Amino acid sequence: ITEETALITIFGGTGDLANRKLYPAIYRLYAKGFLKENFAVIGTARRQLTDALFRERVASSIASIADKSHIQAFVSHFYYRSHDVTNKESYKVLLDLSNELDTTYHLKGNRVFFLAMAPTFFNEIAIRLKSEGLVATKGYQRLMIEKPFGHDLASAQELNDALGHAFNENQIYRIDHYLGKEMVQNVSAIRFANPMIEALWNNRHISNVQVTLAEELGVEERGGYYDNSGALRDMFQNHILQVVSLLLMDFPLTLDKAEIRAEKVRLLRSLDVPELDVVNNLFVPGQYDANPTDPQTFKAYRSEENVSPTSTTETYVAGKLTSHSDRWNGVPIYIRTGKRLSNKKTNIVIEFKNDRPDLFDDSSEKVANTLVIEIAPNESITLKLNVKVPGLGLATQPTQLQTAADAVDQNAPEAYEKVIHDCLRGDATYFSHWDEVALSWQLADRIYEGWKLSPTELPNYDSGSAGPIAADELLARDGHTWYPLS
Ligand code: BG6
């Protein structure tokens, strides 16, 4: 265990993300010894708070996971300053405190800035960090930034340019919390540590790929944000395309971040950007309606708080991606994500081809050879096979090999613990590179444009269902079906 040394400044220090994920994650790093004496955290936000009150908040955010005897020592590393992101004076206050803490805790000038607040201010903060001297230290300076990274390609480019005033690409850690998930990181191990699997990982053997990020929850209290975003921006542009690129990229020369990034970018570049007039055949938007049997609990999206009653924002998207790489040409890559579906299910399904003659008895039951990587609500790997029915005759029946299915704790800060630790170590492998972000927006922008040309009638699925019928038809046209959600 190597102890890390840094000052972590969190913009949005009183916010939901900081309380629910970041403080518990920092605490876990402390409890494990990755952070010891030589670290400090500054929380900033608009409201006035004393250090003492801030520490109480941090203490309560870790109460359920912390060893009581550690809490006081841990929170003594936390400081708070009220901050107005547009005010020069505010940065001067931060600079003075940062320099002071640098000396007190022997931080070697190492600084991590975490933007965990409304994206409207990202550009301004980055520019001011530079102009007010906060990034002029002899140690390292790194920026951690939460999604959304822009609203489309143009705004993402603008944001990237603004960040570029203070940080170069190697100093920017764009968080995609899916890349911090254990089973998403496991994808590389499953592929590259198992030659048997990697040998089959191509269009000769794979019939289709399915990536599902289904949620049972609705928009909850985030209607204001979500109604300006939608499933394509909220889940597809980032999480889905990141999972797809890790899943389908070519074998990297090493597991070094530059090699992995290069392969992911190559894969993203190989994805076809559809012509506008076929977007609607390939990408299905959806919006949830009330559940007919319990419309009070499961209301329509349009009746949610802070959502326009005539909203045309999609809460669901299903789509068919195709790649023109040698490896994947001809293999449909189906993706879907949505809110208020029947259940939470995050998985990757690889269905293998079956083009062999059937040699077994008519009574045989057969399953397509399928590899299922389940990410949530359980973490498991399942391989579906056919075996002989015991006894006389030569009939087959399906069976499966499965790893232990461990339940994922939905509120576990593990993903953030990993991303913060990686940033402190300077390892950007599981973060999104600008080239990946740009290519992903290009695809998402095209889909929006296509949808705008011929809008789909919304709402088109019931809250608590498996999604719009059109999503089933999308696969049926190719002779495929979705792997069941539950
Ligand atoms: C976030 C989205 O990025 O991911 C949310 O903004 C979504 O809308 C969440 O609910 C899903 O993450 P997870 O880890 O619960 O699958």
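**Exercise 1. Determine which pocket the ligand takes up, and list the residues closest to the ligand.**

Step 1. The space taken by the ligand is the largest pocket of this predicted model. A pocket is an open set of points on a 1 Å grid over the protein atoms alone, with protein on both sides within 12 Å along at least five of seven lines, the probe being 1.4 Å. A molecule sits in a pocket if more than half of its atoms lie within 2 Å of the pocket's grid points.

Step 2. The ligand is surrounded by 12 residues, the closest being Lys147, Tyr178, Lys181, Glu215 and Asp234.

Step 3. Apply the polar-contact cut-off, a pair of N or O atoms within 3.5 Å. A side-chain N or O atom of Tyr178 is 2.4 Å from an oxygen atom of the ligand. For Asp234 the distance to a ligand oxygen is 2.6 Å, and for His239 it is 2.7 Å.

Step 4. Taken alone, the ligand exposes 400 Å², of which the protein buries 82%. These areas come from the Shrake-Rupley method with a 1.4 Å probe.

The model is predicted: local features need pLDDT of at least 70 and side-chain atom pairs count only at pLDDT 80 or more, while totals for chains, interfaces and linings use all residues. Residues are numbered from 1 along each chain as its sequence is written, and side-chain values use heavy atoms, with hydrogens and water left out.

**Exercise 2. Find where the partners of the salt bridge between Lys88 and Glu132 lie, and state how accessible each is.**

Step 1. A salt bridge is a side-chain nitrogen of Lys or Arg within 4 Å of a carboxyl oxygen of Asp or Glu. The rule gives 22 salt bridges. In the pair Lys88 and Glu132, the closest N and O atoms are 3.5 Å apart.

Step 2. This pair links distant parts of the chain, 44 residues apart: Lys88 is in helix H4 (residues 88-104), and Glu132 is in the loop between helix H5 (122-131) and strand E5 (141-145). Helices (H or I, at least four residues) and strands (E, at least two) are DSSP runs, numbered from the N terminus.

Step 3. Buried means under 20% relative accessible area, exposed over 50%, and partly exposed in between (1.4 Å probe, protein chains only). Lys88 is exposed at 53%, whereas Glu132 is buried at 17%.

Key. Near = heavy atom within 4 Å. Polar contact = N/O pair within 3.5 Å; in protein donor to acceptor, adjacent residues only side chain to side chain. 1 Å grid on protein atoms, 1.4 Å probe; cavity = no way out; pocket = protein on both sides within 12 Å on 5 of 7 lines; lining within 4 Å.
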